[in-house]
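Here are my notes on this one, as numbered points. Have the coordinates open while you read.

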Amino acid sequence: QSVKFQPKDAAVILHNTILLIGSQAIIHNVNIVTETDHDVPLINCDENQIKQVFINILNNSVDSMEEGGEIRIQFKKQEDGYVLMRFTDQGCGIPEDRIPRLGEPFYTTKEKGTGLGLMVTFKIIESHGGKMKIFSEVGKGTTVEIYMPAADSAPC
């Protein structure tokens, strides 16, 4: 599949992704709450790849909340020409010593995982000129922060 970078509204991509996997969240008693600032710029991206990133992160969050809970998603404009996309869940969390290895091929914290979802996610964000950070606390949940260059700040 060819990669086409175009200015897109990340909030619209997120909305379409939630429509796609929303029923899975409902089945697992997970509520998804989104907050998007009104001034969030477009991002230069391949829409299908960003959708894949959102699916991977949301699936991991849903999987981590066996008792259900809430996923809070915030999109904010950053002063440095980036868009912050923050996903916070109330899942089981990830031990601190395992966080640096997330994104390595075949490294997983899941019983039936392959370790490829986050690897693909990191690679997609990297290929878009973005960066991804993961913060977690066992028993409290995990936050994934993605920083993507705003379309209007990207060099031509």
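**Notes on charges, a loop residue and a helix contact**

1. Starting with K140: at 57% relative accessibility, K140 counts as exposed. Bear in mind that this is a predicted model. The K140 side chain meets that of E137 in a salt bridge, with 3.8 Å from N to O. For a pair to count, the nitrogen has to be within 4 Å of a carboxyl oxygen, so 3.8 Å makes the list.

2. How many salt bridges does the structure hold? The count is five. One of them joins E35 to R72, where the closest N and O atoms are 2.3 Å apart. E35 sits in strand 2 and R72 in strand 4 (residues 69-77), so this pair ties together parts that are 37 residues apart in sequence.

3. R72 also has a salt bridge with E70, their side chains meeting at 3.1 Å, N to O. Put together, E35, E70 and R72 are linked in a network of salt bridges. On accessibility, E35 is partly exposed at 32%, R72 is partly exposed at 29%, and E70 is partly exposed at 23%.

4. Which residues form a negative surface patch? They are D37, D39, E79 and D80. Of these, D39 is in the loop between strand 2 (30-36) and strand 3 (43-45). With a relative accessible area of 36%, D39 is partly exposed. Patch members need over 30% relative accessible area and no salt bridge, and D39 has 36%.

5. Have a look at the backbone of N29, too. Its phi is near 60 degrees, a positive value in a residue other than glycine. N29 belongs to the loop between helix 1 (10-27) and strand 2. N29 is exposed, with a relative accessible area of 55%.

6. Last, F122, which is in helix 3 (residues 116-127). Is F122 buried or partly exposed? At 23% relative accessibility, F122 counts as partly exposed, because buried would mean under 20%. Setting aside neighbours within four places in sequence, F122 is in contact with L102, G103, M132 and I134. As for L102, F122 is 20 residues from it in sequence, and the C-alpha to C-alpha distance is 9.2 Å.

Key:
Residues numbered from 1 in each chain as written. Predicted model: local features only at pLDDT ≥ 70, side-chain atom pairs only at ≥ 80, totals over all residues. Heavy atoms only, no water. Helix = DSSP H or I, 4+ residues; strand = E, 2+ residues; numbered from the N terminus. Buried < 20%, exposed > 50% of the residue type's maximum accessible area, 1.4 Å probe, protein only. Contact = heavy atoms within 4.5 Å. Patch = residues over 30% accessible without salt bridge, like charges linked within 9 Å, V, L, I, M, F, W, Y side chains within 5 Å. Areas by Shrake-Rupley, 256 points an atom, 1.4 Å probe, with all protein chains shown as cover. Lys, Arg positive; Asp, Glu negative; His and termini not counted. Charge placed at Lys NZ, Arg CZ, Asp CG, Glu CD.
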